[in-house]
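Let's take a friendly walk through this structure, one stop at a time. Please have the sequence and the 3D view ready.

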Amino acid sequence: MKKTDARPKYALLEEKWQKRWEKKKVFASPEGKGKKYYVLEMFPYPSGSGLHMGHAFNYAVGDILARYMRMKGHRVLYPMGYDSFGLPAENAAIKEKSHPMKFTESAIKNFIAQQKKIGLSYDWSRIVMTHKPEYYRWNQFFFLKFLEKGLAYRKKSSVNWCPKCDSVLANEQVIKGKCWRHTDTNVEIRQLEQWFLKITDYVEELLDKVDGLDWPEKIKTMQKNWIGKSYGTEIDFEIGNERWPIFTTRADTIYGVTFMVVSAQHPSLMKLVTDKQKKEVMEFLKKIKSVSEKEMETLEKEGVFTGSYAKNPVTNEKVPVYAGNFVVSDYGSGMVMAVPGHDQRDYEFAKKYGLSVKVVIKPEDYELDEEKITEAYEGDGITVSSGQFSDMKNRKAIEKITHYLEKKKLGNKTVQYRLKDWLISRQRYWGTPIPIVYCDKCGIVSVPEKELPIILPDKVKFGKGNPLETNMEFVNVKCPKCKGKARRETDTMDTFFDSSWYYLRYCDNENRKEPFARKKVDYWMPVDQYIGGAEHACLHLLYARFFTKALRDLGFVEFDEPFLKLFNQGMLHGPDGFVMSKSRGNVVLPEVVSEKYGMDTARLFLVSTASTDKDTEWSENGIEGSLKFVNKVMGYFTGFKATKSGGVDKKIESKINKTIKEVSEDVENFRYNLAIIKIRNLFDKMSEEKVSRKEAEIFLKLLHPFCPHITEELWEKIGNKSFISIAKWPEADESKINIEYEKEDEVMEKTIGDVNNVLKIFKEKEKSASKLYLYVMPNEKTIYASNLGEIEKRTGLKTIVFAVNDKDKHDPEKKSSKAKPGKPGIYLE
């Protein structure tokens with residue numbers, strides 16, 4: 001006796017079609033004739049916790065578009081891969097006393113299984129995993145090309161250092177100034193030689209080209225602000241016998257400078273520290289950690305006197321130099337002039353450390369007393385106490401003072417950028433080894449390309465120091481030039497390096513001779529539609545743009561921008577109202593949903609409740625509603641009997657063509673929630689009338705991108721041998737769209753909605769009704785009479801329609817007096 005599978009029917013149905021798609025390679029994407037379309041989601045880091053329905057929502061957004069474009073006749077490239085190097089895997093492995101490789105491979109296996117269960121139409125033959133040598137070999141190759149071009153270089157930079165771990169910590173590993181592993185150990189700031197990429201060589205192009213991108217305005221604004229172009233003046237202050245060029249946008253306040261602040265992370269800080277102040281400065285440095293610019297904004301502003309003084313080039317006055325925790329070490333010279341009278345941050349610092357405050361700009365209509373002010377005056381006004389530049393509008397003074405400084409060769413007009421070169425060195429194990437060796441005789445030597453990839457060794461020790469330094473076989477090598485003793489670079493690359501070009505590798509992921517064939521990249525690139533979160537605006541998206549431009553100039557590609565269009569999807573909130581995440585414990589798992597409701601039901605629900613770019617909330621009631629619709633569709637087609645083609649009602653014909661037109665537009669613009677409303681309305685109309693097989697097939701095609709499994713099943717059930725996944729998307733015949741029918745439909749929808757609202761009020765008052773009386777304009781009576789069946793079906797009430805001028809009408813509460821064209825009077829009893 002054959003054993004039956006006890007799982008729910010939708011879970012079985014999903015598995016059936018997922019296996020068939022895979023077996024027949026339905027979603028393969030070979031190059032060829034015809035229009036291409038490259039749709040891509042930002043590839044995920046494969047966490048050990050796997051996917052939840054928040055991820056399913058993200059991926060469904062791209063899958064719906066990919067399926068639609070495939071049916072529209074495009075050659076669609078829709079790949080998936082894994083950003084599988086990085087600190088989280090290394091940390092997890094340390095905690096579990098495992099190896100990052102084992103942790104990562106297991107996580108990826110789980111991710112793939114879960115993604116397949118969601119019904120995503122990826123071409124799995126294109127898979128990319130960044131921890132594989134066949135991928136990171138080309139990271140190393142590109143690094144060497146950048147080095148040859150002068151785009152890669154080495155310099156000192158600040159890092160967080162744990163003396164107990166004897167290693168560098170990422171910012172996220174520093175908790176309240178202590179090491180995450182050794183909570184009793186203060187983290188120190190150290191200067192290490194590290195590798196950078198010269199993204200600043202492309203700063204103007206990155207800024208100029210951003211406006212031409214079809215991206216959300218907020219993302220373009222975020223990139224512009226991150227690049228941060230400022231017009232200002234560079235003023236030379238003298239400290240000892242050295243000139244420090246100080247950038248300011250406010251040269252008009254030069255007479256109000258009362259102290260200077262140098263970054264506590266500046267590589268030359270200790271040159272400014274006198275013997276007398278050394279102990280105090282060292283104590284101060286122990287308290288601070290390396291933080292981002294964003295974190296600096298909220299930090300309590302602290303500093304310490306270095307013992308040095310700077311000479312103001314305009315007043316010749318000497319002002320004290322402080323080291324501070326709020327100045328960025330690589331913005332300008334890493335030092336700022338402080339004007340406490342006209343900058344609130346400087347004012348608070350001056351009051352905290354007993355430094356003087358000078359007023360050099362006053363409002364036009366009142367005076368300021370620098371002895372009595374309780375906050376900085378940051379507005380425009382008239383210059384005062386500014387020597388020959390007094391008594392003029394401060395904006396004019398900026399020009400005059402800058403011109404004076406240029407004439408005296410004490411400064412110059414300049415442009416400054418907030419964007420700094422990209423630090424790619426990471427003192428960690430789980431990343432791409434940098435292909436460099438250090439030789440006492442030859443210096444810094446590149447590993448020859450023929451020796452790539454430099455394989456990340458398996459045998460390392462975690463817990464103290466850089467793990468790569470524990471493998472002597474890896475570290476000690478021969479110099480490629482002189483064949484003498486040399487030492488391999490033990491830093492690995494920032495994983496943003498990996499994600500800055502992965503979209504190119506998808507085009508030719510099995511190529512062993514080059515990162516990708518130019519012909520294939522020319523065919524597929526640029527990406528037509530990129531999908532991902534707004535949180536990646538200033539790092540990944542900017543780095544990918546830089547990478548593309550650098551590769552263009554190296555002759556690898558010919559286009560300027562990697563992503564033509566960008567869409568930011570919303571976030572899914574859990575049942576508790578917070579964004580779904582494992583750490584909050586509010587996740588809903590795809591496998592649980594598949595067993596209970598079916599994945600098509602979940603996909604439909606996820607994109608139905610709100611605009612796709614807005615946050616949405618998981619709701620059991622909501623998904624139950626979607627399940628009812630899916631069940632209705634399955635029931636309808638189970639007993640489906642087609643009428644002969646040509647015998648279809650003109651209203652239905654109009655409705656179908658209007659729905660095709662509008663759903664197509666909605667899908668292309670990510671208005672999935674609106675598309676689903678129209679599909680459901682069409683189904684309601686169809687279920688009341690007889691339709692031909694052709695019309696039934698059109699409905700299934702429209703529903704397919706949202707509910708791929710059930711539509712494949714029903715497509716087969718009504719007699720098709722091929723896959724609906726690759727069936728032709730229906731074209732709207734606009735000549736068959738009757739506007740009058742559509743207006744009639746709109747009136748009916750509004751009327752039924754109004755009736756149901758009145759019914760809701762009745763129920764709240766604990767009243768019941770069985771009859772509905774509608775009072776309509778005389779010229780509209782025929783319209784309402786012809787739609788009685790639909791009104792009764794959707795309200796559950798026996799319905800009687802009267803013209804407002806009917807003398808014999810039943811109207812005990814005079815509701816007919818409230819009737820208007822398209823809005824009947826309503827009476828229930």
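Our tour begins with Thr799, which sits in strand E31 (residues 798-803); helices (H or I, at least four residues) and strands (E, at least two) are DSSP runs, numbered from the N terminus. This is a predicted model, in which local features need pLDDT of at least 70 and side-chain atom pairs count only at pLDDT 80 or more, while totals for chains, interfaces and linings use all residues. Residues are numbered from 1 along each chain as its sequence is written, and side-chain values use heavy atoms, with hydrogens and water left out.

Is Thr799 buried or exposed? Thr799 has a relative accessible area of 4%, so it is buried (under 20% relative accessible area; exposed is over 50%, partly exposed in between, with a 1.4 Å probe and protein chains only). A polar atom of its side chain lies 3.1 Å from the backbone oxygen of Leu797. Leaving aside residues up to four places away in sequence, Thr799 touches Leu772, Leu774, Leu788, Ile791 and Glu792, where contact means heavy atoms within 4.5 Å.

Another threonine to visit is Thr492, in strand E25 (residues 492-493). Thr492 is buried, with a relative accessible area of 2%. Its side chain reaches the backbone oxygen of Arg428 at 2.9 Å. Arg428 is also one of the residues that Thr492 touches, not counting those up to four places away in sequence; others include Ile424, Tyr429, Pro433 and Leu468.

Next, look at a sheet. Its 4 strands follow the order E2-E1-E26-E27, forming an open sheet with parallel pairing; two strands pair if DSSP finds at least two bridges between them. Strand E2 (75-77) and strand E27 (566-567) stand at the edges with a single partner strand each, so one side of each has no neighbour in the sheet. Strand E1 (residues 36-41) is joined to E2 by 3 bridges, and Tyr38 has Leu77 in E2 as its bridge partner.

Now for the helices. The axes of H20 (residues 620-638) and H24 (residues 708-717) come within 10 Å and cross at roughly 10°; axes are lines fitted to C-alpha atoms, for helices over the stretch in contact, and angles run from 0 to 180 degrees between N-to-C directions. H20 and H24 are therefore roughly parallel to each other (angles under 35 degrees; over 145 is roughly antiparallel, 65 to 115 roughly perpendicular and the rest oblique). Val630, Val633, Met634, Phe637 and Thr638 of H20 make the contact with Ile710, Leu714 and Lys717 of H24.

Our last stop is helix H19 (residues 599-606), which is mostly covered, with 8 of its 8 residues buried. Among them are Asp600, Arg603 and Phe605.

Definitions and conventions: A polar contact is a pair of N or O atoms within 3.5 Å; within protein, one must be able to donate a hydrogen and the other to accept it, and residues adjacent in sequence count only if both atoms are side-chain atoms.
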